[in-house]
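Here is a short briefing on one protein structure. Keep the sequence and the 3D view open while reading the points.

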Amino acid sequence: MVDARGVVKSFGSTQVLQGIDLAVQPGQVVCLLGPSGSGKSTFLRCVNHLERIDGGRLLVNGHDVGYEKRRGKLYELSERRIARRRADIGMVFQRFNLFPHRTALENVMEGPVVVRRRARTEAADRGRELLDRVGLADKASSYPSQLSGGQQQRVAIARALAMDPRLLLFDEPTSALDPELVGEVLDVMRDLAADGMTMLVVTHEVGFAREVADVAAFMADGVIVESGDPRQVLGDPRHERTQSFLARVL
Ligand code: ADP
Ligand code: MG
């Protein structure tokens with residue numbers, strides 16, 4: 001689903017990604033951990049077609065991000081083709097980014113109606129199912145301001161699911177939440193993982209990563225320092241940088 005080989009990305013003269021190698025297989029949960037500023041969000045943005053890479057190769061859902069192959073050559077994708085590929089990728093942000101003037105259900109229906117051109121009644125039925133799945137069946141008519149942070153983030157997850165994504169990206173989905181609300185969001189993510197959803201999760205939740213991830217990767221200064229079995233990477237890391245990071249967050 002994701003295959004990054006030597007992915008390089010610079011902003012001006014700063015090389016933020018210095019050759020990222022990372023793979024996410026179908027049905028896998030890969031957790032990406034690392035200090036702030038190491039390039040985790042930039043990498044997710046590249047996977048989600050929000051940034052163009054400057055070097056290496058990045059395949060998502062079998063396609064080169066930003067390019068298409070025709071007669072053996074790579075061509076830059078049009079905005080329209082990019083939008084079509086992005087529709088298969090769900091992303092959940094640290095700040096929930098819900099439309100404030102729309103109800104929970106309307107937020108969940110938006111993508112299917114606008115992008116997939118589904119009928120409103122059909123999108124509403126599916127939206128209710130998805131709100132039920134994240135434990136918010138009774139909040140369909142609530143506005144974001146009437147919901148807790150944990151509830152808003154669960155609406156954001158339902159909204160991402162409404163597009164039937166092949167891949168879900170999470171960028172520190174619990175970092176903006178009060179501690180007592182973190183668990184309800186992690187529970188929903190755990191259910192999705194158990195259902196076989198393919199997920200790439202940037203998180204500082206070491207316990208979640210250890211329990212749920214198939215692969216944990218530790219990133220620092222634009223490179224993957226080590227990756228593999230979460231019990232090893234997070235329980236008995238080989239690299240000093242991983243050890244000192246874990247000592248700080250645990
Ligand atoms: P992380 O998510 O690991 O905290 P980021 O990917 O957000 O790291 O940022 C990595 C580095 O890239 C930081 O130094 C940040 O300032 C820089 N950066 C990120 N986005 C941009 C941008 N659009 N323009 C310039 N620099 C950026
Ligand atoms: Mg970030």
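Gly39 has a backbone N or O atom 3.0 Å from an oxygen atom of ligand 1. The model is predicted, and the points below are grouped by topic.

**Ligand 1**

- The residues around ligand 1 include Phe11, Val16 and Pro35.
- Also around the ligand are Ser36, Gly37, Ser38, Gly39, Lys40, Ser41 and Thr42.
- Gly37 has a polar backbone atom 2.7 Å from an oxygen atom of ligand 1.
- In Ser41 it is a polar side-chain atom that lies 2.9 Å from an oxygen atom of the ligand.

**The largest pocket**

- The volume of the largest pocket is about 540 Å³.
- Its lining is made up of 20 residues, and those closest to the centre are Arg86, Ile89, Gly111, Val115 and Met163.
- Which elements give two or more residues to this lining? They are the helices α2 (79-86), α3 (104-114) and α5 (149-161), together with the strand β8 (89-92).
- Helix α3 contributes the most, with five residues in the lining.
- Sorted by class, the lining has 13 nonpolar residues, four polar ones and three charged ones.

- Is α3 mostly covered or mostly uncovered? It is mostly covered, as eight of its 11 residues are buried.
- The buried residues are Ala104, Leu105, Asn107, Val108, Met109, Gly111, Pro112 and Val113.
- Thr103 sits in the loop between β8 and α3.
- Thr103 counts as buried because its relative accessibility is 9%, and the limit for buried is under 20%.
- Not counting residues up to four places away in sequence, Thr103 touches Ala140, Ser141, Ser142 and Tyr143.
- Arg117 is in the loop between α3 and α4.
- Why does Arg117 count as exposed? Its relative accessibility is 71%, and exposed means over 50%.
- Arg117 and Ala23 are 94 residues apart along the chain, and their C-alpha atoms are separated by 32 Å.

**Cys46 in helix α1**

- Cys46 belongs to helix α1, which covers residues 40-47.
- With a relative accessibility of 0%, Cys46 counts as buried.
- Leaving aside neighbours within four places in sequence, Cys46 is in contact with Lys9, Leu17, Glu51, Ile53, Leu58 and Val65.
- Between the C-alpha atoms of Cys46 and Arg95 there are 19 Å, and the two residues are 49 residues apart along the chain.

- Most residues other than glycine have a negative phi.
- Arg71 is not a glycine, yet its phi is positive, at about 45 degrees.
- Arg71 is located in the loop between β6 (67-70) and β7 (73-76).
- Is Arg71 buried or exposed? Arg71 counts as exposed, because its relative accessibility is 76%.
- Asp221 is a residue other than glycine with a positive phi, near 50 degrees.
- Asp221 is placed in the loop between β11 (215-220) and β12 (223-228).

- Gly207 is part of helix α7, residues 206-212.
- Gly207 has a relative accessible area of 47%, so it is partly exposed.
- From Gly207 to Val185 the distance is 14 Å, C-alpha to C-alpha, and the two are 22 residues apart in sequence.
- Ser244 is part of helix α9, residues 240-249.
- Ser244 is also partly exposed, as its relative accessible area is 27%.
- A polar atom of the Ser244 side chain lies 3.3 Å from the backbone oxygen of Arg241.
- Ser244 and Ala176 are 23 Å apart in space, C-alpha to C-alpha, and 68 residues apart in sequence.

Note on methods
Residues numbered from 1 in each chain as written. Chains lettered and ligands numbered in written order. Predicted model: local features only at pLDDT ≥ 70, side-chain atom pairs only at ≥ 80, totals over all residues. Heavy atoms only, no water. 1 Å grid on protein atoms, 1.4 Å probe; cavity = no way out; pocket = protein on both sides within 12 Å on 5 of 7 lines; lining within 4 Å. Points joined across faces, edges and corners; volume = space filled by probe spheres on them. Helix = DSSP H or I, 4+ residues; strand = E, 2+ residues; numbered from the N terminus. Nonpolar A, V, L, I, M, F, W, Y, C, P; charged D, E, K, R; others polar. Buried < 20%, exposed > 50% of the residue type's maximum accessible area, 1.4 Å probe, protein only. Near = heavy atom within 4 Å. Polar contact = N/O pair within 3.5 Å; in protein donor to acceptor, adjacent residues only side chain to side chain. Contact = heavy atoms within 4.5 Å.
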